[in-house]
Amino acid sequence: MRRMVARVPRMAVICAAVACLNAISWSLLTPAFEVPDEPDHFAYVKQLADTARLPSSSSEDLSKEETAALSALHYEKLRLRPQVRAIETEAEQEALERSIASSAREAGSPAAGVAASQPPLYYALETIPYGLERGGSVLDRLALMRLVSALLAGLTALFAFLFVREALPAAPWAWSVGGLSIALAPLLGFMSGAVNPDALLFAVSAALFYCLARAFRRGLSTSGAVAIGAVTAIGFMSKLNFIGLAPGILLGLVVLTLRQARAHGRSAYALLAIATGLALSPILLYAAVNVLSNHPVLGLVSRASPWANFKLTEINYIWQLYLPALPGTASDFPALFTARQIRFDQYVGLYGWLDTPMPGWVDNLALAPALAIAALCARSLYQGRGALRSRGLELATYAIMSVGLMVLIGAASYQHFPSIDAEFGQLRYLLPLLALLGAVLALAARGAGRRCGPAVGALILVLFLAHDVFSQLQVVARYYS
């Protein structure tokens, strides 16, 4: 283990430290439970830590202790009401502390809202800080649990840097552009500064991209197959959204195995068996436990599946959730360009309970640097088109992983359509692809040429830093001014 840690590049450690500190800043600025679904995720951890049992209901009937804390925080008045301010005066703070101190301590509730159907790994990890602060209040436990998510943000940035290093080995100076930009991404800091399994999903996905890039560059070894299988297994135990990456992972493993078989014969197929066996082990174990317990094979996941009533009309909806409607098709999002109004504007800034956006003029202003980065990235890809052709199957793997995740999100969103246009149109659901964004930013810096590239890379970092700082100030203005 010491040898492995010693081989981690210093810049990767710096990226991890920056991302961790950034997420901690967000955890301190964002009021308790003012992150999407954080009350439900806290309830899941509480139930698991207090009773050693998983939640069994998706209702919102949370424990009395947590409900009392939410009431003392004026949660219902503050949530989704930008005109209402959080507790900020000393008198309000004292009233909050008295209310929480007088509330009865109670074991967790079997209800955990939308979190109930999620796999348990992240929540099991969060029981550690929960147990360390068991004698404290709900807010004490929440604050400590948020720090664990912040540590996971550090892992996300670390593996994003390592992925860029493997994917773009010829441009060492650009690696830090990709890694540090991801570390400063405000949406990563916001989500990883809260109790939410997305924090673990982001880290595992970035690690998986790194493992695949390393195998494509150096060949699939036994240790590489074990790493890909193990990381995939962790991903399946982290959050259901990880399932969307599975088709691309399988394609990558097949391609890598066939390449290895040409050089080393049929023994390479054992590597495919090792990786897939490890990857599927948690799913098979979970299914076996449910069968023996006379529960549905996939437990609560069976009821949460977006494929339960799949219809052909979903294809049109999923397409339009990301791209303009095709000619001759019905418009599910009339007068709305989803790539701009949903995806891009949410990346520019949408925090709190999705009630803290940036001003409209900021969204418009952000288009200029975004288009410049896209143009520089395209220029870099055009200049390296020869290398792209030789790495077509690797790029296809990343593309299928991306499309699979987008289709899964779209299918889940379609379950709420048309009563809700884009229930899961939030950009945070695409953050498992952060490693690819790091590569795009590194390519953009390269696209500026050898002379201007480092300066452009520095400008990209300044842009991300400014974006992060002003996003935090926007949250401060929303809740405290």
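The model is predicted, so local features are taken only at pLDDT of at least 70 and side-chain atom pairs only at pLDDT 80 or more, while totals for chains, interfaces and linings use all residues. Residues are numbered from 1 along each chain as its sequence is written, and side-chain values use heavy atoms, with hydrogens and water left out.

The largest nonpolar core holds 121 residues, and Phe163 and Ile228 touch the most other members. Helix α11 (residues 198–218) gives the largest share of this core, 14 residues. Such a core is a set of buried Ala, Val, Leu, Ile, Met, Phe, Trp, Tyr and Cys residues joined through side-chain atoms within 4.5 Å; buried means under 20% relative accessible area, exposed over 50%, and partly exposed in between (1.4 Å probe, protein chains only). Helices (H or I, at least four residues) are DSSP runs numbered from the N terminus. Beyond its neighbours within four places in sequence, Ile228 is in contact (heavy atoms within 4.5 Å) with Leu208, Cys211, Leu212, Ala215, Leu220, Ile249, Leu253 and Leu256.

A cavity is a set of points, on a 1 Å grid over the protein atoms alone, where a 1.4 Å probe fits but cannot get out, and its lining residues have an atom within 4 Å of a point. Grid points are joined across faces, edges and corners, and the volume is the space filled by probe spheres set on the points. For the largest cavity that volume is about 80 Å³. Its lining includes Pro36, Gln346, Gln426 and Arg428, and helix α10 (residues 186–192) supplies the largest share, three residues.

Ser413 lies in helix α20 (residues 392–414) and is buried, with a relative accessible area of 0%. Leaving aside neighbours within four places in sequence, Ser413 is in contact with Tyr317, Leu321, Asp421, Ala422, Glu423 and Phe424.

Helix α3 (residues 38–51) is mostly covered, with 12 of its 14 residues buried. Among them are Glu38, Asp40 and Lys46, along with Phe42, Val45 and Leu48. The buried residues of α3 pack against α4 (64–72), α5 (75–78), α7 (121–132) and α8 (138–167). At 1.5 Å a residue, α3 should span 20 Å, and its end C-alpha atoms are 20 Å apart, which agrees; the expected span is 1.5 Å times one less than the number of residues. Just after α3, Ala52 takes a positive phi of about 60 degrees.

Note on methods: Helix = DSSP H or I, 4+ residues; strand = E, 2+ residues; numbered from the N terminus. 1 Å grid on protein atoms, 1.4 Å probe; cavity = no way out; pocket = protein on both sides within 12 Å on 5 of 7 lines; lining within 4 Å.
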